[in-house]
Amino acid sequence: QAYRAHCQEVVDEVASQEYDELERVLKKFWQLVALKFLSVLKHRAVIDLVAVCDNTLYSTLLSVAIPNVMEPLPTSTMRALRLFARHFEPWCASALTSMPPELAKQKVDTLQVFTQALRRQTSLNHLAHAAKTIVGTPKLLHQMFVDWKHLDLDCVIHQAAAAFRYDSEGAARCRSVAED
């Protein structure tokens, strides 16, 4: 019950884009937990249950922070999300200093997967917005097509084959995709 309320508070802070408040929320919750439940948090079953709850929380946070990856986010929101992704792990690690090491490690491992996903989503959002701009501008789209026709595909494919250790069959597939 208490962890559910804590997770809801985290979701509320992210939904309102109050990322700086999360550090305080995390520290406050885990300090209270340390006082009352420290002995329970050493059990593997509890640690696994927290991990399941964290996965659900982080999935929810992703959908709240970036509801539609194809819709452009304001620059300020993107900047705030990237900063949040950078600081969230240290905030959690700091809040968990008095927790059993197994729990802290599990939470940080789960959190790292979330922050990587958040970074990927913000990057994808940025790329989608850039692509939409290019595709929506006939002059830019035409120039991109002209530039594509001037590429030395043999050179690009040769370099890709060397870099990714493609065999001749893989290089042929690359050429086929590039020419389509």
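Ala, Val, Leu, Ile, Met, Phe, Trp, Tyr, Cys and Pro count here as nonpolar, Asp, Glu, Lys and Arg as charged, and the others, Gly among them, as polar. The model is predicted, so local features need pLDDT of at least 70 and side-chain atom pairs count only at pLDDT 80 or more, while totals for chains, interfaces and linings use all residues. Residues are numbered from 1 along each chain as its sequence is written, and side-chain values use heavy atoms, with hydrogens and water left out.

**Exercise 1.** Determine how the lining of the largest pocket divides by residue class.

*Solution.* Begin with the classes: the lining has 15 nonpolar, 4 polar and 1 charged residues. Then turn to the elements, which are helices taken as DSSP runs of H or I with at least four residues, numbered from the N terminus; helix 3 gives the most to this lining, with 7 residues.

**Exercise 2.** Describe the backbone and the setting of Gln17.

*Solution.* Gln17 is found in the loop between helix 1 and helix 2. Its phi is near 55°, a positive value in a residue other than glycine. With a relative accessible area of 42%, Gln17 is partly exposed.

Conventions
Helix = DSSP H or I, 4+ residues; strand = E, 2+ residues; numbered from the N terminus. Buried < 20%, exposed > 50% of the residue type's maximum accessible area, 1.4 Å probe, protein only.
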